Every structure is written in structure tokens, then in C-alpha cells.
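The sequence and the coordinates come next, followed by points grouped by topic.

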Amino acid sequence: MSISREEVVHVARLARLALTEEEIALYGEQLGRILGHADRVTSLDTEGVPPTAQAIALANVFRPDVLNEPAPCLSQREALANGPAVEAGHFRVPRILEDGDPSGEEVAEE
Amino acid sequence: MSDLVTTIGLEIHCELATSTKMFCGCAVGFGGEPNTRVCQVCLGHPGTLPVPNEQAVAYAIKIAVALGCGIAPSSIFHRKNYFYPDMPKNYQISQYDIPLGLKGVLEVTTDAGTRAVGITRVHLEEDTGKSLHMGSGGRIHDATYSLEDFNRAGTPLVEIVTEPDMTSPEEGRAFAQELRSILEYLEVSDVRLEEGSMRFDANISVAPPGERGAKVEVKNLNSLKSLHRALAYEEVRQREVLGGGGAIDQSTRHWDERSGVTRPLRTKEHAFDYRYFPEPDLVPIKPSPEWLEAITSGIPELPPARRRRFIADYGLTPYDANVLVASRAAADYFEDAAAAAAGIEPKQVANWLANDLLGRLSERGEDLETTRVTPQALGALVGLVAGGSISGAQGKVVLDEMMVSGRPPAEIVEEKGLKQVSGRSELKAVVAGVLAANSDVVDRIRGGDAKPQGFLVGQIMKATKGQANPAVVQELLKEMLQG
Amino acid sequence: MSPARPLWTSTATELIALLRSGELSATDLTRSLLDRIEEVEGDVRAFITLTPEVALAKAKAVDDARARGEDPGPIAGVPVAVKDIIATRGVRTTAGSKILHNYVPPYSATVADRLEAAGLPMLGKTNLDEFAMGSSTENSAWVPTHNPWDLDRVPGGSSGGSAAAVAAGEAPWSIGTDTGGSIRQPASLSGVVGLKPTYGLVSRSGLIAFASSLDQAGPFARTVADVALLLGVMAGHDPRDATSLPNPVPDYSAGLAGGVKGLRIGVVSQLMGEGVQSGVRTRIEESIALLTKLGAEVGEVSLPTFDLGIDVYYLIAPAEASANLARFDGVRYGLRVDAEDIVKMNSRTRAEGFGAEVKRRIMLGTYALSAGYYDAYYGKAQKVRTLIIRDFARAYENYDVLLSPTSPTTAFGIGEKTQDPLTMYLSDVCTVPTSLAGATAISIPCGVAPEDGLPVGLQLMGKALDEATILRAAYALEQELGPMPHPLLWGEPS
């Protein structure tokens, strides 16, 4: 089992990873082998078995609608302290592509 | 192409008026310096965990119940995965296949009648931050870079999705208005504070009756006005395309508020794969019967019921009832003022409130919460006018003064000497004097020319500094001119 | 205790006695451990960041408190090493990744706060596989950590730095995290004790997430008693973690000596199969005999779904990871590789910032969640997870504790498995079932394999929140086994 180049590129785009051609080929092969090994799981009859998303039985865990104490939040300086690019109290980012388009351009370019 | 049918469904996002954010204790608010209402959680720092705000959950349940939805015995959060720089974790904590509320209904009335609009679902999620697009014009497509402010990130949002049950832009607007009223009544959202606390996405399709049209999604509708404008624009556009023999593609369009048009968004076919999966950092919400009861018992009489009661109990016209009930503040004010004006026709109280007070408040940038005129004072004022103590015109002068000083109307009337003179004997002397001073006019009237009578009334009012009761003056004039 | 024996060979329990009696100051102890680190760290590479100033300041605070006649707490003054995936306010926290090469958290993990409150000086942040993804610590973006028993071998992973630091005498105890075995497997390969707590027992707040439904922080030490002590400090409800259990925390030290008489122990046949190295099998079987001698009722139990654990784990954990790691985008913190638009900036930053194994798991997880594959992979894995939990429940009808090797093999060579991710994944076969069930398990050394002289770890699995029972059984076995051989790196400390 191997994952097609097209699928690898699609997944890399969803995950925002700029993969090299070499990586695309490698991951296609490795993902295929790992998922192939998982055949024992994927081919199992699980009719009527509920999924487990969590191994604990908690419910209704909430916090009261009360402001952080003592300091309300981080100061602007603290908030921005780790920012790779900061301008006028904001995090600066390069040009955002057209609103509503989370896919962007081809990523496998390097 | 009048045989085409328009079909509209809405998706509404509404910010909840909690003190703190959905998953952390940062303040919810508007404006202010960027990145000053943030912490490691709402900035999505590594290792941080969300803990849901109980009040936000209660508000969402309240909304769902008010819209007639069933409440899920166990609902969970999902992660909705997509990259966007204003979304700190690059996934949004939202709800997916098991939302808090399912299957409700809301009736809306327009000139075309009343329609029951199905509510598909009500769910809870978190808001994103805001991007400020820098470069020429501040628009996304010609920006050279953007600045991110995460103050809004994590604000609790309720998403309400309707069935495609609306058939005109007017119904779309009416639904949104009615929903806004309900949210105001529930005191769960500051729906007036700024544009953007309620945001709309709309699905609209136009097709011959019985056929299913291609669904066009219109995004970026940040006010009732844009919602209506965009729907009206899109309805006409689609009708024109179809009328010209063209076809509508299923697509997503962006409303451009400035130019008043919708534009197609460039989206790729496979772009939206949100990879929803259950949020492992959170546990299910299983509202107990006691909690649900406590939340439900906090729901006040809602606009539809209140409107019916205003018509039945106060004798208001449907129009007046609509105007007053649309805002909880106005309706509450009306009821208090009507109680203070006991024995007076409530219709008159409604008129003074809707026509005189609200108009003046909006001119002055005030509202019912900030005004110095109490409902009791307005009721007293209407009582003075209705009882004939002062004229309607005088009442308006008194109202102006009440808005400035907040003093009771009786005190203002007293101080300004505005008391209306209604005594026949007192007025008879004045009328006699005016008639004597204008004998030429009197002769013309007696000669059959009725026109100058208004002049005489004016002279009498002038002589009484406007205090004469106009009805009594008319009566006396009639008697004395005949005599 | 021989006075000539260096301090760094002492257990935490021994050090606590010296500190409390006033024979030893926390400052002197901390200095002596910093000296030991300086001595061996060039060989071991257990730490990413050393924090001598932080440690000495805390040690001084403990000493000052004692000097004022105050009680700084029962275990105060014993230094600790902390895995560099646990956020520490003001101290760089990298998760072993280039993408966080310069990240200084504005807050501390609850676990870190608790260590601080207990008066434990933090010596530094230990090495790990990047974002805890790995079983050898070779996936660290910095350097691989070396096994103190044989410097050409891996210490296990992902908490290899924390395990190696304890094995090498750089710290008497340390903190790791375990998602699919990342405490137990390195404990086994490095010859120390490591415990993976029940999911929800230790707060995850501030633990940089790998797989949120599986991650747990836990203790490493050289004895079961020390592990019990440190677990007691870490455990307990935290309002900052919605999955934190509200249950009261028992005194884990109190019942340690209770023995195993009548304890029903099930040996999982699926985990004693073909892939187990012969010397590992030998030592495990000897330990089983000892436990029987001590009065335990040992039987064999077949849990067929345990064979599927690895596959289930390598679908669920990468899926969760693919979302957890989406936040590393070059916008708010960490590495940024500049580019002309946001998509290119995100994509290049992530390509440059993540190592090969992390990228592989992000790809795998994204694939398993993507449209058209969710039901076949992620959804299916969640259902089989239910079956594994049911197998545990079935086993616990007849047994109190389950037993297996911790790892099928002893420590493998550096570079030996890096070319083949699947082989590397299979080394987690014994540890993932407990992780998927959200239950607890401990690994204790049970001797060295005759063929390579490397330590063998024995795993005791317990029911959720039954740490006390596995600690008691582990303690009994540890006492019966007697003193273990020491790593080569110990030299001959008289």
C-alpha cells in the first residue's frame, strides 16, 4: 500500500507543510506502510461498538464566569514577548490570501 | 420572471455577553489597546488548556430553549481544523454532530404574513481575533501585510442555523430582527453595542416553484442593514441571470458593504476539509434537569407573547405593539409608564413614548437606559395632557425640559406657569376683548367668510400666552360670533 | 551508608533524611548535583537547558526557611530535573523542537508549580524526542541523549533525558511525560523506575500537548519509594485542566510495604510472545517466580486486542497531534521563516521547524482525519480503543494487576532504528494498551539481560486510579530483587 503523490500533496497542504519532492515520495511510501500495518484494525468488525474519544467519565466541567486573578491577563508586552514580528501592539504577519480560502497555494515548492 | 421563488436560510453568529471568554478568564469587551485582553490560553500558547465558561453554556442553552429547541442530553465539543492567522490554535473549538440545541422554530411576520422558520441547530463556539489589513485601502486583497489583535479571540459565540424557510429578503430581515429582540430579552448578548456582535451568513437561491436552485452563500454581513441589502442585491442578481437564460453556480460570495454588491470568492474545490474530531481537552455537557429548570425559569415573556398581550390588554395597534416590543427596554418602559398613567388610554402613552420620547432620545444620542425621564414621569406627563391640564404642545415643551433636568412634569408646568386655562368665565373676557379689538374681522366672519377665524384663535392664544384650552376657545368663539 | 559514597548516588528518600536532620543543606546538595552534571553531561547529554541559578535560588530559599525554623515541606530541597515539554515560566521550553528554539513561556505548568511549591530546586530541562514523538530521544532537534549503561545506545524515549539523568546520577528524580510509553520505556531501557499515572490524575496544564487524550506527566526515580513520593507531589485536581480528576489523592508512600500476599497478578500472554528478547524474558520470568514466592497468585491472561494497540495508537495519537501542533505557525511565538504571504510563511516555518518524525506524524494524523478517511482510520481506531478497554475490564474481573515486560528489548543502538519508523513504533507494543485505557502502569528494573548486560524493565499495569496497588507490588518485587547493578557511568563509587 502506498499513498499517491496527489494525496500526499493534498494532506501537506492541509497541514501547511512545505515538503520537498523527496519528502513527498518518502511520506507516501511510509504512510502507506504504517496504514498497511493498521489493516488489522481497519478491517476489524466493530459493528455496534461505541467509539472512545476519552478514557475518563467526567462531564460538566466548567469554570465560573470570573475574571483572571490577580492580574487580569498578560500585559501587552508579555503577550507580544515571544512574537517573531511585532508592530504597534500587534503580531505582524505577511499578506493574507483572499478571505475564506484556507488552502492557499501549492506548498511543495522547496 | 415573477414566477421564480426565492429561498433563504440564515446562519447567525452572536457574541455572548459574559464577563469572561469562552475558555479562559480574560475579559470580553470591545475596543481598547490591541492584545491587552489576552492570556496564554486565548493566545494558544503551547500546553494551555480550555476550560468552558459555565455562564456561556447556560446562555446558549437559554437561547436554544427560547427558540424552541430540544436540548441534547449529552453534547460535546469538536475541533474544526483550518489555518488562519487570527485563530490562535489554528483550530476552532466548536460543536459538530451533537450541538447543544436542535430543531426549534421562530415565527416572523412581514407585510406578506406570518411564517414559521425552522431552527436547525444552536451551538456554542469561540470567536477569532481580528486582522487589520495594512497597505492601500485596508482591504484584504490589496494589503501588503496584516496585524493581528487577539482581544476578541475566545469570545463566546452562539451559532444559530435556520432551515431554508424564508422566501424574501424582508423575511430574512424580519427573522434577524426578531432574533435580535429575543436575544435582548434573554439578556445574553449585547446586541446593540457595536456592529459585529451579531454577524450573518446567508444562503439564497432562486428557482422556479418546485425546483431546487443552486445555493449561493453570502458572507460578511455584519448588520441587519447589510443582511437585507445583500439579500435584496443577490435576489435581483440571480433573477437577472436566470431571466437572461443563464445559470447560477453553487458558490460563495462576499458582501462588499462599500460598493453594495456581492463578489465571488475564489475558493478551491477541496479547500474546506475541516477534519472535525472530538475535542479531547473537554468533557461532555450533560445538563441536569435541575440546571435546565433553573435556566428555563430565567426566561422572561418573549416578544411574540408580549406583542399579543400588548394588543389584547392595552388595546395597542399591531404596529405600535411591534415597535415597542422589538426592544425589551422600550416595552418595559411602556408598561411602567402605562401603570403610572392609570385611567388614561394606554394608546396615548404608547404614542408619547414611540413618537415623542424615543425620537428625541435618538436625536440626542441617548436611550431609555440613560435618559433622565422615568417611566413614571412620562406617565404623569401623559396624564396631564389627557386630563386637559396642559395642551399637547405644552406637553412637548415640558418633555424637552424633563429630558434636561429630570424634574417631574407637574413641577415644570407649575414653574413655567404653563397651566392650561379652561375656565369659561375667565376665557370669555379674553375672547370678548379680542373680538372688540378686531371688529372688522368679526364683521367679515359674520358676513360669511370663515377664513379669518384662525387669526382670532391665534390672537386669543397670544393673549393667554398659549395657556387657553383650544377646545374651550373654539366653543366660546362659535357662541360669541353667533351672538 | 558509607560516608565515602558520593551524594549523587543517594536516593531522594536518603537525601530527605539528611536535609531534615540538618546534616545537609539544600544548597550544598544542589551544588554537588551540578558538579555531577558537569562531570558526566558531556557523555550523557540528558539536558537541553541547565538552570543552576533557578536551582540554587530555590535551594537557598529552602535553607533560609529551615534556618528561620519554618518547615519548607516534607521533601523540600531535593533537586529535580524536568522534561523540556513542561512549560516553565521565564525558562526556555523547547519541546525538543527547533520550532520552539527561543520560546520562553509566560506561565508555568501546574506540575512545575507543584514542584516549586514542594521546594524542589529545578536543575534543568531534559532532552526528549521532539514533541515527545519517539522512543529513543534521537528525534530531539538538539542532540541525542546517550544511555548511561552504554553510551552508544539510546536511553529510550521520549523522556530519555529525564530517565538518563536519573540513571547517571545527575538528579535523584525527574519528571517525564508518557503518551504511549514515554516514561515507562525509557525507564526500562535506562534501568530506573518510572510511573505513568492514570489519565487525569496529574494536571496536563502546561504540558505541551502531543496527544491530548493520552498525555500524562509522571515521575522517574531510582527506587519505588522515591517514585511514590514524587507522584504524591504531582497528583491532584487542577481547575485549569477540564480532564483533571476530582478524586482525593491517597498517600502513596503509606501502603508501600503491604506486600503481595494474595495479590492476583495476570501475565499478559500477548506481550510475552515472539518479539521478546530472550534475556528480557529470562529476567521477567525470574521476577514472576519471586512474586509467586512472595505469595502473589500469578496466572496467565490472554487479551487479544492488545496486539492491536500499536495500530490503534498510531492512528489516534497522530490525529490529535496534527491538531495540537497546528498552532506552531510562526505568528505568535517560536520560529518564523519569512515569506511573501501567510500560507508560504506558515508552510516554510513548519517545514523548517519540525523534524522528520514530527512531520511524518502530522501527515499521518491529517490523513487519518481527512474527508473520506475519518471513518476508516480515526473513527475505527476509536472503536477498537473501546475493545481494548473492554479487554482490560475483563482481565480485572480475575486479576488485580497485569504484568508484562515494559519493552520487548533492552536498549538498542543509536541510529539502529531511525531509518525505519514502523520498527521504532513496534517498541511501544507493551506500553500503549495502558495509555489507550487511560489507566496506570509502572516500570521497574528487574536485572540485566545476560546477553548484553543492559537493564530489563518489568511493567505492572493497574486499574485506573489504583496507583497504590502497583506501587505496593513494585516495592515488594524491588525489595526481593535486592540491589541492582549500576550503569557503567557510575564507575566504582566505593
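**A helix of chain C**

In α2(C), the buried residues are A26(C), T27(C), L29(C), T30(C), L33(C), L34(C), R36(C), I37(C), V40(C) and V44(C). A residue is called buried if 20 or more other C-beta atoms lie within 10 Å of its own, exposed if 12 or fewer, and partly exposed in between, with C-beta atoms placed from the backbone. The model is predicted: local features need pLDDT of at least 70 and side-chain atom pairs count only at pLDDT 80 or more, while totals for chains, interfaces and linings use all residues. Residues are numbered from 1 along each chain as its sequence is written, and chains are lettered from A and ligands numbered from 1 in the order in which they are written.

- Helices (H or I, at least four residues) and strands (E, at least two) are DSSP runs, numbered from the N terminus.
- Helix α2 of chain C spans residues 26-44 and has a kink of about 35°, centred on E38(C); the bend at a residue is the angle between axes fitted to the seven residues ending there and the seven starting there.
- The cover over the buried residues of α2(C) includes α1 (12-21), β1 (47-50), α3 (52-67), β3 (122-126) and α5 (160-167) of chain C.
- Just after α2(C), a positive phi of about 55° is found at R45(C).

**Chain A against chain C**

- The contact involves 48 residues of chain A and 57 residues of chain C, where two residues are in contact if their C-beta atoms, placed from the backbone, lie within 7 Å.
- On the side of chain A that touches chain C, at least two residues each come from α1 (5-14), α2 (21-37), α3 (39-42) and β2 (90-94) of chain A.
- With six residues, α2(A) gives the most to this side.
- By class, this side of chain A has 31 nonpolar, nine polar and eight charged residues; Ala, Val, Leu, Ile, Met, Phe, Trp, Tyr, Cys and Pro count as nonpolar, Asp, Glu, Lys and Arg as charged, and the others, Gly among them, as polar.

**Chain A against chain B**

- Chain A has 38 residues in contact with 53 residues of chain B.
- α1, α4 (76-80) and β2 of chain A each supply at least two residues of the side of chain A that touches chain B, and β2(A) gives the most, with five residues.
- β2(A) pairs with strand β8 (residues 143-149) of chain B in the antiparallel sense over four bridges; two strands pair if DSSP finds at least two bridges between them.
- Within β8(B), Y145(B) stands opposite P94(A).

**Inside chain B**

- Chain B is divided into domain 1 (5-295), domain 2 (301-416) and domain 3 (424-482), with bounds from an automatic or database domain assignment.
- The C-alpha centres of domain 2 and domain 3 of chain B lie 34 Å apart.
- Strands β11 (residues 216-221) and β12 (residues 251-256) of chain B pair in the parallel sense over four bridges, and V216(B) has S251(B) in β12(B) as its bridge partner.
- A339(B) is located in helix α7 (residues 328-340) of chain B; A339(B) is partly exposed because 13 other C-beta atoms lie within 10 Å.
- From C-alpha to C-alpha, A339(B) and P375(B) are 8.9 Å apart in space, and they are 36 residues apart in sequence.
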